[in-house]
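Please open the structure in your viewer and keep the sequence beside it.

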Amino acid sequence: MSTRATVHFQFNRKDVAIIYRHSDGYPEGLGRDLESFLDDVQENVSDTRFDDPSSLAAKFIVWQADMYHGQHMLDFLDVGVVLTDPCDIEYRYNVECNGG
């Protein structure tokens, strides 16, 4: 079975965007991916948007889609946008986007 998880991009501890990941949601999977993503943004993006949860969440989807797509860059199912946590998630991550 898959290890489902969500990533809550927040501003002042309030959810602005929630990203769902269908598999590898455990800390050694998605937890490390989040660290790698944030490092990648900090090192390679001139406008990081660390203070803009919606923009940072969009960057995360693009970054994840690049990892999971099939023959075409839009051929991915593992990552999506949700309004609330699905009832079957095993992990929830919070990314506080207050500029730091």
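A disulfide is a pair of cysteine sulfur atoms within 2.5 Å. By this rule, the count for the structure is 0 disulfides. The model on display is a predicted one.

Select Cys87 and then Cys97. Is Cys87 buried or exposed? Cys87 has a relative accessibility of 83%, and because exposed means over 50%, it counts as exposed. Cys97, with a relative accessible area of 1%, is buried.

**Second stop: the nonpolar core**

Select Val7, Phe9, Leu56 and Phe60. These are the residues with the most contacts inside the largest nonpolar core, which has 18 residues. Colour the elements that give two or more residues to this core: the strands β1 (5–11), β2 (14–21) and β4 (91–96), together with the helices α1 (27–44) and α2 (53–68).

**Third stop: aromatic rings**

A pair of aromatic rings is described by the distance of the centres and the angle of the planes. A search of the whole structure finds 5 aromatic pairs. Select Phe9 and Phe60: their ring centres are 6.0 Å apart and their planes stand at 50 degrees, so this pair is tilted. The pair links distant parts of the chain, since Phe9 belongs to strand β1 and Phe60 to helix α2, 51 residues apart. Both Phe9 and Phe60 are buried.

Phe60 and Trp63 form a stacked aromatic pair, with 6.3 Å from centre to centre and 20 degrees between the planes. Both residues lie in helix α2, 3 residues apart, which is about one turn of the helix. The relative accessibility of Phe60 is 1%, so Phe60 counts as buried.

Side chains of opposite charge can pair when their charged atoms come close. Select Arg21, which is found in strand β2. Its relative accessible area is 3%, and because buried means under 20%, Arg21 is buried.

Which residue forms a salt bridge with Arg21? The partner is Asp33, and the closest N and O atoms of the two are 2.6 Å apart. This pair links distant parts of the chain, with Asp33 in helix α1 and Arg21 in strand β2, 12 residues apart. Asp33 is buried, as is Arg21.

The side chains of Arg21 and Gln64 are joined by a polar contact of 2.6 Å. Leaving aside neighbours within four places in sequence, the residues in contact with Arg21 include Thr3, Arg4, Ala5, Gly29, Leu30, Tyr68 and Asp78.

The structure has a count of 6 salt bridges. Select Asp88 and Arg4, which form one of them, with the closest N and O atoms 3.2 Å apart. This pair also links distant parts of the chain: Asp88 is in the loop between β3 (79–82) and β4, while Arg4 is in the segment before β1, 84 residues away. Asp88 counts as partly exposed, at 36% relative accessibility, whereas Arg4 is buried, with a relative accessible area of 14%.

Then select Asp15, Asp85 and Arg92. These residues are linked in a network of salt bridges.

**Last stop: two arginines in loops**

Select Arg13, which is found in the loop between β1 and β2. Its phi is near 65 degrees, a positive value in a residue other than glycine. Arg13 is exposed, with a relative accessible area of 72%.

Finally, select Arg49, in the loop between α1 and α2. Arg49 is not a glycine, yet it has a positive phi of about 60 degrees. Arg49 is partly exposed, with a relative accessible area of 33%. Arg49 also forms a salt bridge with Asp47, the closest N and O atoms being 2.8 Å apart. Asp47 counts as partly exposed, at 40% relative accessibility.

Notes:
Residues are numbered from 1 along each chain as its sequence is written. This is a predicted model: local features need pLDDT of at least 70, side-chain atom pairs count only at pLDDT 80 or more; totals for chains, interfaces and linings use all residues. Side-chain values use heavy atoms; hydrogens and water are left out. A nonpolar core is a set of buried Ala, Val, Leu, Ile, Met, Phe, Trp, Tyr and Cys residues joined through side-chain atoms within 4.5 Å. Buried means under 20% relative accessible area, exposed over 50%, partly exposed in between (1.4 Å probe, protein chains only). Helices (H or I, at least four residues) and strands (E, at least two) are DSSP runs, numbered from the N terminus. A salt bridge is a side-chain nitrogen of Lys or Arg within 4 Å of a carboxyl oxygen of Asp or Glu. A polar contact is a pair of N or O atoms within 3.5 Å; within protein, one must be able to donate a hydrogen and the other to accept it, and residues adjacent in sequence count only if both atoms are side-chain atoms. Contact means heavy atoms within 4.5 Å. Rings of Phe, Tyr and Trp (its six-membered ring) pair if their centres lie within 6.5 Å; planes under 30 degrees apart count as stacked, over 60 as edge-to-face and the rest as tilted.
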